[in-house]
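This note is intended for a colleague meeting the structure for the first time. Please keep the sequence and the model at hand while reading.

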Amino acid sequence: ELSGPVRASEMAARLALPAWLAEAALLRLEGSGEILRGHFTPGLQKGDEIEWCNRRLLARIHRLTLGRLRREIAPVTSAQFVRFLCRWQHVSTGTRLHGVEGLFAIIRQLQGYEISAAAWESEILPRRLAGYKPEDLDRLCLSGEVAWGRLTPRHPDTSGETPVARRVRPTRVAPLSIFLREDSAWLLPPRDAQLPLLSHQAQAVLAELQRRGASFFGELQRGSGRLASEVEDALWELVAAGLVTADGFENLRALLDPKRRSGQGRGRSARPRHAAGRWSLLVVENEEPSVENFARQLLRRWGVLFRDLLARETLAPPWRDLLVELRRMEARGEIRGGRFVSSPVGEQ
């Protein structure tokens, strides 16, 4: 009799049975795994009577529904998709965001994507935020809402017979990410027990941070017994290795600006050589990486997701794992699957 979704009262009337007996039979079938309960007919509310449906029939209805929804989508060209991305990521004229709230939304969209350290405030943020002010980013960092650092660990060189740790070469193009502190638990990947090769001054500063915890620049200089220039080089090396971060983004600006580090351009209008914020270890949480969180983050960043977009996503799980989660989200009705862009192959 379960040729489609049916209510217990309807089943009782159809079989001329008492309502309690029909419901007892349905519960027994549910216990055996043959039927499922829920609200399957469109338009039903949570307070309406529960419906029952054959498990295999429900799976077939669901499969046909997803197939119909996918066929409704007409793919666009790659050029159209790029124009969509410019609007989605607030790069196009008229789509830029404003103020601290807009900056927070941009960081939330881009978190987990690593970009060269010098490009964040010269290219990425000013193109997406109208009237970008560096102090807004400092405000978010100092309030504890936002953090920055290198998320991908430095792996040993495995080209030879035995893995060899590689020396860190700090440059302005070192890949860094800006992210929300509340999401750091699943964004930060597990670290290798073997540290990358560090200079002597970097090892001294790292040992001081491990001993003292978060410290100001002067405290690191006194504790390590190194010159100010050596501590600067050590911090920049540790930042490039993904081992150290700081309270504010001004700490990173002080390392990136060669004039500030060399003491040039001094005067009343010149910024101080060292930032006032503290330096600390980039702590790695023990939480397992969440495929669901990554899938939602990638959808938030790209709008449409397919395998080719993961080429620059250094932290993303394998596409096969993401695909399982994306299909699960599609089955729950949270996202749509289909052919959105004509050029890429595979599921989208």
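This is a predicted model: local features need pLDDT of at least 70, side-chain atom pairs count only at pLDDT 80 or more; totals for chains, interfaces and linings use all residues.

1. The nonpolar core. The largest nonpolar core comprises 71 residues. Those with the most contacts inside this core are Trp 120, Leu 137, Trp 148, Leu 235, Leu 252, Trp 279 and Leu 305. Helix H11, spanning residues 228–240, gives the most to the core, contributing 7 residues. As general background, nonpolar side chains in soluble globular proteins tend to be buried together.

2. Surroundings of Leu 305. Leaving aside residues up to four places away in sequence, Leu 305 touches Leu 298, Leu 299, Leu 310, Trp 319, Leu 326, Glu 347 and Gln 348.

3. Helices H14 and H15. Helix H14 (residues 291–302) packs with helix H15 (residues 319–331) at an angle of about 80 degrees, and their axes are 9 Å apart. The two helices are therefore roughly perpendicular to each other, as angles of 65 to 115 degrees are classed in this way. On the H14 side, the contact involves Val 291, Glu 292, Phe 294, Ala 295, Arg 296, Leu 298 and Leu 299. These meet Asp 321, Leu 322, Glu 325, Leu 326 and Met 329 of H15. By type, the residues of this contact divide into 8 nonpolar, no polar and 4 charged.

4. The pair of Phe 81 and Phe 306. The count of aromatic pairs comes to 7. One of them joins Phe 81 and Phe 306 in a tilted arrangement, at 5.6 Å centre to centre with 50 degrees between the planes. Phe 81 belongs to helix H4 and Phe 306 to the loop between H14 and H15, so the pair ties together parts that are 225 residues apart in sequence. Both Phe 81 and Phe 306 are buried. Ring pairs also link Phe 81, Phe 84, Trp 88 and Phe 306 into a cluster.

5. The pair of Tyr 113 and Trp 302. The ring centres of Tyr 113 and Trp 302 are 6.3 Å apart and the planes stand at 80 degrees, so this pair is edge-to-face. Tyr 113 lies in the loop between helix H5 (99–110) and strand E5 (115–116), whereas Trp 302 lies in helix H14; the pair therefore ties together parts that are 189 residues apart in sequence. Tyr 113 is buried, with a relative accessible area of 14%, and Trp 302 is buried at 13%.

6. Ala 79. This residue is found in helix H4 (residues 78–88). Ala 79 counts as partly exposed, at 44% relative accessibility. Ala 79 and Val 341 are 262 residues apart in sequence, while their C-alpha atoms are 9.6 Å apart in space.

How values were computed: Residues are numbered from 1 along each chain as its sequence is written. Side-chain values use heavy atoms; hydrogens and water are left out. A nonpolar core is a set of buried Ala, Val, Leu, Ile, Met, Phe, Trp, Tyr and Cys residues joined through side-chain atoms within 4.5 Å. Buried means under 20% relative accessible area, exposed over 50%, partly exposed in between (1.4 Å probe, protein chains only). Helices (H or I, at least four residues) and strands (E, at least two) are DSSP runs, numbered from the N terminus. Contact means heavy atoms within 4.5 Å. Axes are lines fitted to C-alpha atoms, for helices over the stretch in contact, and angles run from 0 to 180 degrees between N-to-C directions. Angles under 35 degrees count as roughly parallel, over 145 as roughly antiparallel, 65 to 115 as roughly perpendicular and the rest as oblique. Ala, Val, Leu, Ile, Met, Phe, Trp, Tyr, Cys and Pro count as nonpolar, Asp, Glu, Lys and Arg as charged, and the others, Gly among them, as polar. Rings of Phe, Tyr and Trp (its six-membered ring) pair if their centres lie within 6.5 Å; planes under 30 degrees apart count as stacked, over 60 as edge-to-face and the rest as tilted.
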